[in-house]
Amino acid sequence: MRTFRGGLTIGLAVAVLVAAAAITYERYDTKTLKRTMRRGEVLCGVNKGLPGFSNPDDKGNWTGFDVDFCRAVASAIFDDPSKAKFVPLDASERFKELQNRKVDILSRNSTWSMSREVNYDLYFPAVAYYDGQGFMLPRARKIDSALDLNGSKVCVQADTTTALNLADYFRTNNMTYTEMKFGKPDDVVKAYDSGQCDTLTSDASQLYALRLKLSKPNDHMILADIISKEPLAPVVRQRDDDWMMIVKWTLYAMINAEELGVTSKNIDEALKSKKPEVMRLVGTEGSYGEDLGLTKDWAVRIIKHVGNYGEVYDRNVGADSKLKIPRGMNQLWNAGGVQYAPPIR
Amino acid sequence: MTNFRQMIWMLIAAFGLALSSVQGHAQSRPDADEPGLIADDGYQLDPEWQKQVVYYRSNEAPGTIIVATAERHLYLVQGNGRALRYGIGVGREGFQWQGLVTITRKAEWPDWVPPPEMIARQPYLPRFMAGGPGNPLGARAMYLGTTVYRIHGTNRPDTIGTAVSSGCFRLVNNDVADLYNRVPVGTKVIIRQKPEL
């Protein structure tokens, strides 16, 4: 009898341990790459509609900077950008849907911050786009520094971090301003367009989109000054390092390609290059792609199908797009910006 | 047999020549130098090529000029993370060199004496042209080191943002005059080319 009871206790203990182990195992997903490959597509959480970043047309074709990044990941894995499947997500549901494995990656203009990374058990592999708060004003004012905005009437969306940053910036620089608060972004624009404010403040990427809604877009400019940090990054689940590495190095491959002058147009020429940095990028030297769990030509696939970082920037938000946002901070580190990728070696 | 082959090749060559001359006429002259043409002052540059203050992180001292040929931008470093950026036209050939030069001379409405190598390529160019609105060097010129290359104006504002010159860097006349007033002789000019594969 005693031995039976003892056996039962041990059995129960084992069962509890196994269950605990299973729960722990379930909690941390380490198989994203495997599942993605079996499924044959990358599930990508994107914004439902944000010009330049993620925008579907009436036929359901997606365009944008965030969308193209997903296509780059799909290209690296499948050699086929159409293997990226887009899942439109609200701001409020985006992190939960990633945690619940409804998507493999979030590429949805999400600001990287400490609390999001630590509290949500998520990971932001690298900054894809350096955004930050700026100011739009009429060109005719002939102001080229935010420090000249003392005494301005400023249009701003109410109850946002934008309004708080505005207050901080003016206080820090001993300037005064009159706040003109509005509930919706469209009302902010209308008020500014009708001349109720001297300047409008929002994230710089937003300002260029809002400028297109003005009656005379070309009469307005956006100052070069950025007063806050909004680093936009893709997001993945923690503790799936193999997957995180693929997402991170997809972005770094695109940035390195631009730095080395490798584009979607000269990729064939690049494959014949004898320059060691180029050879490591395109896989004619080393086994960097295989070490990542992919193929030797992983970066070639990205560049061929989607382009290097500069090409993706120009096409979606830069000179060749409607928004025409100058490269600014998103220019490469050796050309005036802060965009910097560790080397492939 | 050989004769037949030669004939085929000659035919191909003739066809190619005909095709290239047609293209040459279809586009404007490949060099985009049109001596005598008066610049259209009302020409509206694409936003990308308009003069503007931009974010620009640099270790170079304020007042330094950085020419980013691949971008078709000329930066005048302002310090404090900013630069004044102008749109430029760059060389399709010639100035492939990169590094540091200084402005050795400045001239208003410069005369144009196309260098011999340019005459050799484009014999139809004048040997000398007095400065003025129809002059391809435009309103101002800043001479770079001891080279034959310059930062200058243009009578062809539509060529800003392209690679058509014989190696010089061209700005629209308003911009080159603006730059001219901001930089003295002795200004450092850093030329950057796109990386080679």
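Two residues are in contact if their C-beta atoms, placed from the backbone, lie within 7 Å. With that idea in hand, let us tour this predicted model, in which local features need pLDDT of at least 70, side-chain atom pairs count only at pLDDT 80 or more, and totals for chains, interfaces and linings use all residues. Residues are numbered from 1 along each chain as its sequence is written, while chains are lettered from A and ligands numbered from 1 in the order in which they are written.

- Cys70(A) touches Val42(A), Cys44(A), Ala84(A), Phe86(A), Ile105(A) and Ser107(A), leaving aside residues up to four places away in sequence.
- A nonpolar core is a set of buried Ala, Val, Leu, Ile, Met, Phe, Trp, Tyr and Cys residues joined through C-beta atoms within 7 Å, and a residue is buried if 20 or more other C-beta atoms lie within 10 Å of its own.
- The largest such core has 135 residues, and Cys70(A) and Val73(A) touch the most other members.
- Helix α9 (residues 241-260) of chain A gives this core its largest share, 12 residues; helices (H or I, at least four residues) and strands (E, at least two) are DSSP runs, numbered from the N terminus.

**A covered strand in chain A**
- Strand β8 (residues 133-138) of chain A is mostly covered, with 5 of its 6 residues buried.
- β8(A) runs antiparallel to strand β11 (residues 199-203) of chain A, joined by 4 bridges, and there Gly134(A) has Ser202(A) as its bridge partner.
- β8(A) also runs antiparallel to strand β12 (residues 220-222) of chain A, through 3 bridges, where Leu137(A) is partnered by Met221(A).

**The sheet of chain B**
- In chain B, 9 strands form an open sheet with mixed pairing, in the order β1-β4-β3-β2-β11-β6-β7-β8-β10; two strands pair if DSSP finds at least two bridges between them.
- β1 (52-55) and β10 (169-170) of chain B stand at the edges with a single partner strand each, so one side of each has no neighbour in the sheet.
- Strands β2 (residues 65-68) and β11 (residues 188-192) of chain B pair in the parallel sense over 4 bridges, and Ile66(B) has Ile190(B) as its bridge partner.

**Where the chains meet**
- Here 21 residues of chain A are in contact with 16 residues of chain B.
- The chain A side has 11 nonpolar, 6 polar and 4 charged residues, where Ala, Val, Leu, Ile, Met, Phe, Trp, Tyr, Cys and Pro count as nonpolar, Asp, Glu, Lys and Arg as charged, and the others, Gly among them, as polar.

Notes:
A residue is buried if 20 or more other C-beta atoms lie within 10 Å of its own, exposed if 12 or fewer, and partly exposed in between; C-beta atoms are placed from the backbone.
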